[in-house]
Amino acid sequence: MIHDGLDALLHPSARYDALRCARHRAFIASRLLGSLTVLAAFPLHLAIRGVPTALEATVCGWLIAPILLSWFLSRTGRYEAASMLSSLAVAGLVMTVTMTTGGIESFAAVWLIVVPLEASLSASRRVVAFASVLALSCACLLIVLGHFQIVSAAQENPVLREMLTAFGVTSVTIYATALAFGGESLSRTGLSLLSAEDRYRLLAANISDVISRHHRNGEVQFISLAAESVLGTPVAQLLGHGLFDRVHVADRPAYLTALSDTARGGKACSVEFRVRRDIAPGREGGQGNSVDFIWVEMRCKPLEPVAETASPSQEGVVAVLRDVTERKNQEQALDLARTAAEQADASKTRFLAAMSHELRTPLNAIIGFSEMILQEDELMLNAARRKEYTQLINDSGQHLLSVVNGILDMSKLESGNFEITPEPFSPRDALLNCCDLLALKARDNAIDLVTRAPDNLPVMNGDPRAFRQIALNLVSNAIKFTERGGTVTVSAAVEGSRLVLSVADNGVGIAADDLKRIGDPFFQAGKTYERRHEGTGLGLSIVKSLVALHGGEMTVRSRVDEGTTVTVALPLTFTPPAPTASNVATLAPSRAVISDRASQVKRSA
C-alpha cells in the first residue's frame with residue numbers, strides 16, 4: 001500500500017526507468033518520513049516544554065520543509081535540482097543551529113559531513129560538487145565568524161557539552177548509516193537492471209531478425225549482431241549512416257520517411273526496401289567479394305519518451321528488420337505467372353479471332369464454288385467458268401494448308417520438337433529463290449521488289465529449309481503491308497561472323513505500343529476488327545523462334561506510315577546447343593533376369 005502510494009507521487013518521466021524510479025522513490029520517502037516524524041513529535045514537545053523558543057520553532061519548521069522538496073520533485077521530475085535544494089536545506093539547518101551553539105565548536109557542526117554524503121545518492125557529479133563546495137563554504141564561514149566572535153559562545157557546562165557532542169556524533173552516524181543502506185539498495189537495483197539488460201542483449205544477439213534503434217534522421221544508434229549474418233558486414237560499419245548508405249538509392253526516401261513519420265507521429269509503421277548485402281568468398285553463391293541487394297521489411301515503433309520535455313534530438317525509433325527476399329521472389333514469380341496466364345488467354349482470344357476469319361473464309365469459298373460445280377447443269381456453266389471455280393477452290397485449299405502448316409510449325413517450335421538440320425548451303429541462292437517465288441505477288445500488287453545480295457556471300461552452315469522459311473515470311477509480310485506503288489528492299493551482307501538479312505518496306509508501319517508485342521503468337525498490329533489483310537499472325541512469331549534456334553537475333557524498327565525494317569543476324573556457322581543432362585535414368589533389366597523370366601515362360605507353357 002505504501003509502495004503504491006509512493007509510486008502515485010512519482011513524476012511520469014521517472015516511471016519508465018527502474019533505476020530512476022528507485023532514486024525518486026527513495027528521495028520522496030526519506031523526506032516525507034522525516035517531516036511527518038517531526039510533525040508527529042511537535043505536539044509532544046509542546047506538552048513537555050510549552051511554548052517553543054524562536055530557535056526551536058525555526059528548527060521545527062526547517063525539518064518540516066522537506067515536504068516541499070518532495071512536492072517539487074513529484075511535480076517537475078527534476079531530480080538534480082531537488083537534490084541541490086535538499087543540500088541547501090540541510091546546510092541552512094546546520095548553520096542555524098551551529099551559529100547559536102558555539103559555531104565551529106558546536107555539536108551540530110559535524111552534520112556538515114552529511115551534506116556531500118547525501119548528495120552522493122544522486123549519482124550526479126554536479127550535485128556532489130555543489131554539495132561539497134557548500135559544506136566547505138559553511139565550515140569556512142563558521143571558522144571566520146568564530147574568529148571574529150560573531151557567533152554565540154559554546155556551552156560552558158562540560159557535562160552538557162559532552163552530551164550534546166555525543167548526540168551530534170550519534171545522530172550523524174545513524175543518518176550516515178541510513179544513507180549507506182540507501183546507497184546499497186540503489187546499487188542492488190542497478191545490478192538487477194544490468195542483469196536484465198544482459199538478458200535482453202542475449203535475446204537480441206540470438207534472434208534471426210535485426211533489432212536497431214534509429215534517430216529520426218535515419219542515423220543508427222544501436223543495431224544487433226544479427227545484422228552481420230543478414231547483411232554480411234560488421235556491426236560497426238552500420239552505425240551512424242552506414243545502414244542508410246547501403247539502402248538502394250530508389251528506396252532511400254521511403255526509408256527516411258518511415259523513420260521520420262514514426263518519430264513525429266508516434267504510430268508504428270512498416271516499410272519494405274532493398275539493402276546491399278556483401279557476400280564473402282566461400283559463402284554459397286559468392287564468387288570473390290560480390291555484392292547483391294536483398295529485400296527487407298522494417299517495422300518501426302516510436303520509443304517511449306523519457307521525459308515530457310524531451311527535445312527533438314532525443315526522439316528515437318526502434319525497428320525490427322527481417323529478410324523478405326524469398327517472399328518477394330515468390331510474389332514476383334506469381335506476378336510473372338499471372339502475366340503469362342493473361343498473355344495465354346489473350347493469345348487464345350487472338351487465335352480464335354484470327355481462325356474464325358482465316359478458316360471460315362476459304363471454307364465458305366470451297367463449299368460455295370463446289371456446290372455451283374455440282375449444279376453446273378442447272379446453272380449452265382461453261383468450261384471456262386468451271387475452271388475458274390476449280391482454281392478458286394484450289395487457292396482456298398492452299399490457303400487452308402498454309403494456315404494449318406503455320407499452326408503446326410508454331411506448335412513444334414513452342415514444344416521444342418522442331419529440329420535444326422545444319423548443312424552447308426549458299427544463302428544468296430536461297431534468298432534469290434525466295435524473292436523469285438514472291439515476285440509475281442509483288443507485281444500483282446504494283447510493288448517494286450528490290451534484292452541486293454552480293455555475289456561474294458560466303459557459304460553458311462545452317463538449316464536451308466529454316467532459312468528459306470525466314471526469308472519467305474519476312475518478304476511476304478513486307479509485300480502484304482505495303483501499299484500499291486511501294487517498295488520492298490531485301491538485302492544481305494556479312495558482318496564479322498554473322499550474316500545480316502534485312503527486309504525494309506515503306507508500308508503502313510507499326511505503332512510503338514504494338515511494336516513491343518511483335519513476335520508473339522497470333523498477334524497482329526492494330527485491332528482485329530479493323531484488319532485489312534488476311535493472316536494468322538504467326539509469320540513473325542515463326543521467324544523469331546527459328547532465329548532463336550539458330551542462335552541469332554531479330555530486331556524490328558518501324559514508324560507508322562513510314563515503313564518497317566526487320567533485321568535478322570544469323571551465325572555463318574551454326575553451333576548446336578549442348579545437350580541438357582537429364583536427371584531421369586532408364587533402367588534396363590540384367591541378362592540374368594531376362595533369361596530367368598524366359599525360362600519361367602517356357603516352363604509355364
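This is a predicted model: local features need pLDDT of at least 70, side-chain atom pairs count only at pLDDT 80 or more; totals for chains, interfaces and linings use all residues.
Two strands pair if DSSP finds at least two bridges between them. Strands S1 and S2 form a hairpin with four residues between them, and Gly218 in the turn has a positive phi of about 95 degrees. Three bridges join S1 (residues 210–215) to S2 (residues 220–223), and the two run antiparallel. Within this pair, Ser212 stands opposite Ile223 of S2.

**The protein as a whole**

Stepping back, the protein contains 20 helices and 12 strands. It has 605 residues, of which 35% count as buried. Among contacts with a separation of 6 or more, 65% are between residues 24 or more positions apart.

Let us turn to an open sheet of five strands, ordered S7-S9-S10-S12-S11, with mixed pairing. Which strands stand at the edges? They are S7 (448–452) and S11 (553–559); each has a single partner strand, so one side of each is left without a neighbour in the sheet. From one strand to the next, the twist averages 10 degrees. S11 is joined to S12 by seven bridges, and these two strands run antiparallel. Here Glu553 stands opposite Ala569 of S12.

In soluble globular proteins, nonpolar side chains tend to be buried together. In this model, the largest nonpolar core has 37 residues, and Leu474 and Val490 are those with the most contacts inside it. Elements that each supply at least two residues of this core are H16 (427–444), H17 (464–480), S9 (487–495), S10 (498–505), H19 (539–549) and S12 (563–571). H17 gives the largest share, eight residues. Apart from this core lies another, of 26 residues, including Phe244, Leu259, Cys300 and Val317.

What does Val490 touch, leaving aside its neighbours within four places in sequence? Val490 is in contact with Leu431, Cys435, Leu449, Val450, Thr451, Arg452, Val475, Leu501, Ser502 and Val503.

Helix H17 also holds Ser476. Is Ser476 buried or exposed? Its relative accessible area is 16%, and buried means under 20%, so Ser476 is buried. Leaving aside its neighbours within four places in sequence, Ser476 is in contact with Leu438 and Lys441.

**A helix pair**

Our last stop is the pairing of H5 (residues 79–100) with H7 (residues 125–147). These helices pack at an angle of about 15 degrees, with their axes 10 Å apart. Angles under 35 degrees count as roughly parallel, and H5 and H7 are therefore roughly parallel to each other. Their crossing is right-handed. On the H5 side, the contact is made by Glu80, Ser83, Met84, Ser87, Leu88, Ala91, Met95, Thr98 and Met99. H7 contributes Arg126, Val127, Phe130, Ala131, Leu134, Cys138, Leu141, Leu142 and Leu145.

Note on methods:
Residues are numbered from 1 along each chain as its sequence is written. Side-chain values use heavy atoms; hydrogens and water are left out. A nonpolar core is a set of buried Ala, Val, Leu, Ile, Met, Phe, Trp, Tyr and Cys residues joined through side-chain atoms within 4.5 Å. Buried means under 20% relative accessible area, exposed over 50%, partly exposed in between (1.4 Å probe, protein chains only). Contact means heavy atoms within 4.5 Å. Axes are lines fitted to C-alpha atoms, for helices over the stretch in contact, and angles run from 0 to 180 degrees between N-to-C directions. Angles under 35 degrees count as roughly parallel, over 145 as roughly antiparallel, 65 to 115 as roughly perpendicular and the rest as oblique. A crossing is left-handed if the near helix is turned anticlockwise from the far one by less than a right angle, and right-handed if clockwise.
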